[in-house]
Amino acid sequence: MFNKILIANRGEIACRVMKTARRMGIATVAVHSDADARALHVRMADEAVRIGEAPSVDSYLRVDRILEAIENTGADAVHPGYGFLSENAGFSKALADAGVAFIGPGEGAITSMGDKITSKRIAAEAGVNTIPGHEGVVDGPDHAVTVARVIGYPVMLKASAGGGGKGMRIVRDDRECRDGFHSAASEARSSFGDDRILAEKFIEQPRHIEIQLIADRHGNAVYLNERECSIQRRHQKVIEEAPSPFLDAATRQAMGEQAVLLAKAVDYSSAGTVEFVVDANRNFYFLEMNTRLQVEHPITEMITGLDLVELMIRVAAGEKLPLGQQDVPLNGWAVEARVYAEDPLRNFLPSIGRLVRYRPPGESDHVRVDTGIVEGSEVSMYYDPMIAKLCTWGEDRSQAIERMNDALDAYLIRGVSHNLSFLNAVIAHPRFREGRLTTDFIAEEFPDGFRASDVPQADPMTVIAVAAMAHCKRTARAGEISGQTRRFEYRVGKDWVVIADGERHAVEVEATVEGFDVRCNSDLYRIETAWRLDGPIVEANINGTAVRVQIEREGAGYRLFHRGTEVDALVLSPAGAALAEHMLEKAPPDLGRFLLSPMPGLLVRLSVEEGQEAKAGEELAVVEAMKMENSLRAADDVKVAKVLATVGESLEVDQPILEFE
């Protein structure tokens, strides 16, 4: 067994690997960029080595500096995590040449499966179902159109060396095909240093289902059931679950056996994942093989009881698998939600900054949080915006989903924008609960984007009652602090008006021994709680049901978060509410003459010049943030008056890029 493992990665996956290594009694080495000097994975490791500046090309992608760190620390094995160098055959070879074990598959498997052209050919030869498409690389935008017409729209253009949704575009006509080729190739070049593009038929109403496998160096390979990964946005997974609510036992076995065939065809060893697209009739087609540990591996661990990182380490050390296919359990159900620093109300644009408050839900046998940050950590523009992976387990799917809703209600993040409310809204959605999933779920159910105030609630008056209770408690406390209770009995009014999202609700509030009784529209909400005013989460029993509502002060009002909804509430006396009707609203400034950067990032392309006209829908500029290119397009026909930023400039949120006439 290894004595010391260097983790060539950062964030939550580095922390995850360290936990298993520590349990196995193996020392760990962290590597870090300047931006991560005080990161959690650095603090967790036995040793830490600086490998460069903040951009990943100057640090986490520098093979030479990682090799130097290995030599200086005496590490005898490297775990690559996922992303960065995890599927880089050159890195694997460099480690082998240095006599250091790579905790992953061999160079040949990485090379053959890392190229989508080669992997598709090998899969077909191995007897794995494949999607119809063009054999070979697409040579430019005109060739892309020719190929797409032969295949038949819609067509998927995707990077040959890609993964994680990078360098991927769905195109439905010639114009989209040309634009999509340029953007996919550019994004692929930026992400992987390889701009080769493939084209294949896009399966309508597809499900994305993947098979987790583990193989050793002695010819043994088993599949560890499947994961449903259909809830995606921009081709990136948002929510996963294991097993899939769609597969039957026969399809699971057929997919698993094909995944094992592919693994054996490339002499695969270590953990790997074979991804399939599945149509409405359970026909399945090979997408790609990820020759690494997947982001969503925890839910497989929760339903099998296996530690995939430990198995990877033992396989890399030459041990045989400790189980056969008949020994693989499938126990209960698990769901994973990816918590990102992004703003769902602004088309999920990434957010950066300091987490001024951070309190994940408590872990237990059925709640797991994989994270690489703590309160006070910085979310940087240089890396993926993932904050954590939240996983819940249940004896069945319904229980796992309910526990996920509860855990999301209890997840506290302040200082950066985040997607917790969006995740909760998806998990609570009737269609999700019914298991009617496709990769188009988010586009179909949130066609106009996400608005937290529109999320339906089982009882929308619950948050109104909590707001009224909180305000009365605060009012009473204010009276105590002012000293009025020393000489007089301080009375808090009974009648109040809660103004929430433009609607007015008359409520009556009375204090009780256990908490408060709040009457809204003749309905009584009996709130039993020990909540303190400085607590950001109200944990209460409301009419016999346990409820968590996050609450924060917003000026004179309150902002409340519950089950995916976000409500701004102002609690006033009846007289105050009457006066509030006469308050004037300040109109926001008109910024329609400017193209503003919607996120912090790097201006990588300007597509127009001063004096140039652009039609609605045409690209104006491209901003890169957190490894994703974001194309900014004209909302209307415009003429550029001034160019206010230069290519290569780091932009702030809402910084002007162009001014229009």
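**A working chat**

Author: Ser597 is buried, at 0% relative accessible area. Buried means under 20% relative accessible area, exposed over 50%, partly exposed in between (1.4 Å probe, protein chains only). This is a predicted model, where local features need pLDDT of at least 70 and side-chain atom pairs count only at pLDDT 80 or more, while totals for chains, interfaces and linings use all residues. Residues are numbered from 1 along each chain as its sequence is written, and side-chain values use heavy atoms, with hydrogens and water left out.

Reader: Where is Ser597 found?
Author: In the loop between strand E31 (594-596) and strand E32 (601-606). Helices (H or I, at least four residues) and strands (E, at least two) are DSSP runs, numbered from the N terminus.

Reader: And what does Ser597 touch?
Author: Leaving out residues up to four places away in sequence, Ser597 touches Val623, Leu651, Glu652, Val653, Asp654, Gln655 and Ile657. Contact means heavy atoms within 4.5 Å.

Reader: Switching to helix H5. Which residues of H5 are buried?
Author: Ala109, Ile110, Ser112 and Met113, in a helix that runs over residues 107-114.

Reader: What do they pack against?
Author: Helix H4 (89-97), strand E5 (101-102), helix H6 (116-125), helix H9 (249-265) and strand E13 (284-290).

Reader: What is phi of Arg282?
Author: Near 65°, a positive value in a residue other than glycine. Most residues other than glycine have a negative phi, and most peptide bonds are trans. Arg282 lies in the loop between strand E12 (270-278) and E13.

Reader: Is Arg282 buried or partly exposed?
Author: Partly exposed, at 33% relative accessible area.

Reader: What about Asp501?
Author: Phi of Asp501 is near 50°, also positive in a residue other than glycine. Asp501 is in the loop between strand E23 (495-500) and strand E24 (503-511). At 44% relative accessibility, Asp501 is partly exposed.

Reader: Zooming out, how many helices and strands does the protein have?
Author: 18 helices and 38 strands. Along its principal axes, the C-alpha trace spans about 85 × 65 × 55 Å.

Reader: What share of the residues is buried?
Author: Buried residues make up 56% of the 661. Among contacts with a separation of 6 or more, 64% come from residues 24 or more positions apart.
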